[in-house]
Amino acid sequence: MSIHHNYVAIMAGGIGSRFWPESRQHLPKQFLDILGTGRTFIQETYKRFKDICPKENIYIVTHHSYEHLVREQIPEIDPANIIKEPYRKNTAPAAAYVTYKLKALDPKANIILAPADHLILDQRSFELTAFQGLDFAAKNDAILTFGIQPTRPDTGYGYIQYQKDDLQDGVSKVKVFTEKPDIELARVFLKSGDFVWNSGIFVWNVQTFTKAFKVYQPEMAEVFEQAASAYNTPKEYTVMERLYTQCTNLSIDYGLMEKAANVYVIPSNFGWSDLGTWESAYEHSEKDYLGNAVTGGNVMVVDASECMIKTSKDKLVVVQGLQNFIVVDTDDVLLVCERSKEQQIKDYVAEVKRNIGEQYL
């Protein structure tokens, strides 16, 4: 397999409302340094893939309003490699758009589709898994995903059951996808030993994907086939702006992965985390001796423990007496929320929009 047929598509178009109030519509989480590492999520992700394929083969799929943020944060990227979605339509249209576009450019293309906001601690292991997946997708009529060996009965992830007794070269046929389970079912999955977390990282050859997409999403496939003459030309965005309205708001998991018969998984362990919530950020942040994860400017912590505290640089913040809380202080919003209730942050955002308006979103 030639490395020149390897491509990466980084999905970076979401709003990231679960990281509100730090993440906003004009500056969502993928463009933020949530963990205080000195690099934003998208910068970390772009860096991760530079050794997996030539940098000219790395594409970023984002909402058109974020093009300037991508260019600011990744100045080395060719503007032609920024795929601008005219509208937010979830991950199935995003996946189809980049796949049909790259098929027009390189009919032998093999693509890794990955979110911009994942944490991966073992880079070497991830690279080996990525090359394994690209090689498998190039040689087989298969759509592939990376499954993460679960370490706890987590209810925040989707699960994949695979044929554990039929692993061939580290790859196994998928039995079934399961959406986020309750805690009892998650415990059953963990005990069974043949379930992995759904990482949301996918690999396919462009021919395999478009053939399957035409079967399981024929109306949407027709939309992207109509744009065939426009891909990689100056008229691409104008054509897609017209056609994208016809796309269904649909995830790639539900639209294709859960339906197709030729879906495979590589059970993996490369230090992965879906950094989708303040709780996940807390888990992967440095902490003081009382378990507080503090990033930002001048923060005084008094008799507080196991808190996630994120503040702006120019303000003194004093936190006293709190235990297991999330405290996020921005220029115009202060969030104080129990860590155990963080799943409700999206509800708070919806309520703010409904009762106050969008100026704080």
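Colleagues, a word on conventions. Because the model is predicted, local features need pLDDT of at least 70 and side-chain atom pairs count only at pLDDT 80 or more, while totals for chains, interfaces and linings use all residues. Residues are numbered from 1 along each chain as its sequence is written, and side-chain values use heavy atoms, with hydrogens and water left out.

Let me begin with strand β6. Helices (H or I, at least four residues) and strands (E, at least two) are DSSP runs, numbered from the N terminus. Strand β6 covers residues 143–148, and six of its six residues are buried, so the strand is largely enclosed by the rest of the structure. Buried here means under 20% relative accessible area, exposed means over 50%, and partly exposed lies in between, with a 1.4 Å probe and protein chains only. In a regular strand the side chains alternate between the two faces of the sheet. In β6 both faces are covered: I143, T145 and G147 are buried on one side, and L144, F146 and I148 on the other.

What are the partners of β6? Two strands pair if DSSP finds at least two bridges between them. Strand β10, residues 263–268, runs parallel to β6 and is joined to it by six bridges; in this pairing, I143 faces V263. Strand β9, residues 195–205, runs antiparallel to β6, with four bridges between them, and here I148 stands opposite W197.

I turn now to another sheet. Four strands, in the order β12-β14-β16-β17, make up an open sheet with mixed pairing. At its edges are β12 (293–295) and β17 (334–338), each with a single partner strand, so one side of each has no neighbour in the sheet. On average, neighbouring strands of this sheet are turned by 5° against each other, direction ignored; the axes are lines fitted to C-alpha atoms, for helices over the stretch in contact, and angles run from 0 to 180 degrees between N-to-C directions.

Next, the interior. A nonpolar core is a set of buried Ala, Val, Leu, Ile, Met, Phe, Trp, Tyr and Cys residues joined through side-chain atoms within 4.5 Å. Which members of the largest core touch the most others? Of its 48 residues, they are W204, F209 and F224. Helix α3, residues 91–105, gives this core its largest share, eight residues. Apart from this core lies another of 42 residues, among them I77, I201, V203 and I266.

Contact means heavy atoms within 4.5 Å, and, not counting residues up to four places away in sequence, W204 touches partners including A95, T99, I143, F209 and I252.

Helix α3 itself has 15 residues, of which eleven are buried, so it is largely enclosed by the rest of the structure. The buried residues include A92, P93, Y97 and Y100.

The aromatic residues come next. Rings of Phe, Tyr and Trp (its six-membered ring) pair if their centres lie within 6.5 Å; planes under 30 degrees apart count as stacked, over 60 as edge-to-face and the rest as tilted. The whole structure holds 22 aromatic pairs. F49 and F126 form an edge-to-face pair, 5.6 Å centre to centre with 70° between the planes. This pair links F49 in helix α1 (residues 41–49) with F126 in helix α4 (residues 123–139), 77 residues apart. F49 is buried at a relative accessible area of 1%, and F126 is buried at 0%.

Another edge-to-face pair, Y100 and F213, has 6.5 Å between centres and 65° between planes. Y100 lies in helix α3 and F213 in helix α6 (residues 206–216), so the pair ties together parts 113 residues apart in sequence. Y100 is among the residues that ring pairs link into a cluster, as are F213, W204, F209 and F224.

Finally, two single residues. T129, in helix α4, counts as buried at 8% relative accessibility and, leaving aside neighbours within four places in sequence, is in contact with F146, I266, S268 and F270. H68, in helix α2 (residues 67–73), is partly exposed, with a relative accessible area of 43%.
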